[in-house]
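Hi everyone, thanks for coming.

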Amino acid sequence: MSKINNVYCITGILADSNSYLIDNSSSNDVYNYILVDTGVGENKNYLINSIKDFGINPKDIDLIVNTHCHFDHVGGNHMFPEVKVAIGSEDANALRDPESPLTVSGLFGSKVTRHDVDIELKEGDKIANFEVISTPGHTSGGISLYDGEILICGDTIFANGGVGRMDIGGNIDDMKNSLAKLKELDVKYLLPGHGPWVDNGNYHIDLSSKMLL
């Protein structure tokens, strides 16, 4: 666990995605604490205790942002039943549908148990000090968050080279377009959906991009 600027970083364990907690409490915004991705939801004590270790009450979380609809990123939404959920507009229906194969919950031998979506995010929307960037490819509605230094990129790209698989609701042409878009950014810190978060973000984006571009 660590903190980069106003983002607390929580390493995913077992099948969990990483989770990122944006501290927006010093602003006058309606959202004070925003949790990006919640893992599979089967390691509740770990995620809750990690948040508490930062000195933050999990009950103070105001918004969940899911970078995409896959189970290892949305399965834990049920742990915060009173908190609003936001996800990219093209992935919203998959999350809403208990029978959708696009959540790939079957690959994890489980099911998504919370299906409500309060906010459908699109390119250019604002979440605290972050801007929403549409980055489909891994899924049709994948999003990233960018604040001018930090890129929270879900499973679009990973540190040290690598891109999200595209055979479970993704598209290679969408991924190429997303990679080209991310290459235009000035990224100091890369915070991916799995694996380590790293500095020198542009270097890692370039490594990942060379796989397809």
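Let's start with a question: which residue in strand 3 does Ile-10 stand opposite? The residue is Ser-19. Keep in mind that we're looking at a predicted model.

That pair belongs to a bigger picture. Strand 2 pairs with strand 3, residues 19–23, in the antiparallel sense, and four bridges connect them. Strand 2 also has strand 1, residues 2–4, as an antiparallel partner, this time with three bridges. Here Lys-3 is the residue opposite Tyr-8. Strands 1 and 2 make a hairpin with two residues between them, and in that turn Asn-5 has a positive phi of about 55°.

Now look at the two faces of strand 2. In a regular strand, side chains alternate between the two faces of the sheet. In strand 2, Val-7 and Cys-9 sit on one side, Tyr-8 and Ile-10 on the other, and all of them are buried.

Next, the salt bridges: there are seven in the structure. One of them links Arg-114 and Asp-116, with the closest N and O atoms 2.7 Å apart. Arg-114 is buried at 10% relative accessibility, whereas Asp-116 is partly exposed at 33%.

Another joins Asp-206 to Lys-183, at 3.0 Å between the closest N and O atoms. Asp-206 is in helix 5 and Lys-183 in helix 4, so this pair ties together parts that are 23 residues apart in sequence. Asp-206 is partly exposed at 31%, and Lys-183 is partly exposed too, at 36%.

How values were computed
Residues numbered from 1 in each chain as written. Predicted model: local features only at pLDDT ≥ 70, side-chain atom pairs only at ≥ 80, totals over all residues. Heavy atoms only, no water. Buried < 20%, exposed > 50% of the residue type's maximum accessible area, 1.4 Å probe, protein only. Pairing = 2+ DSSP bridges. Salt bridge = Lys/Arg side-chain N within 4 Å of Asp/Glu carboxyl O.
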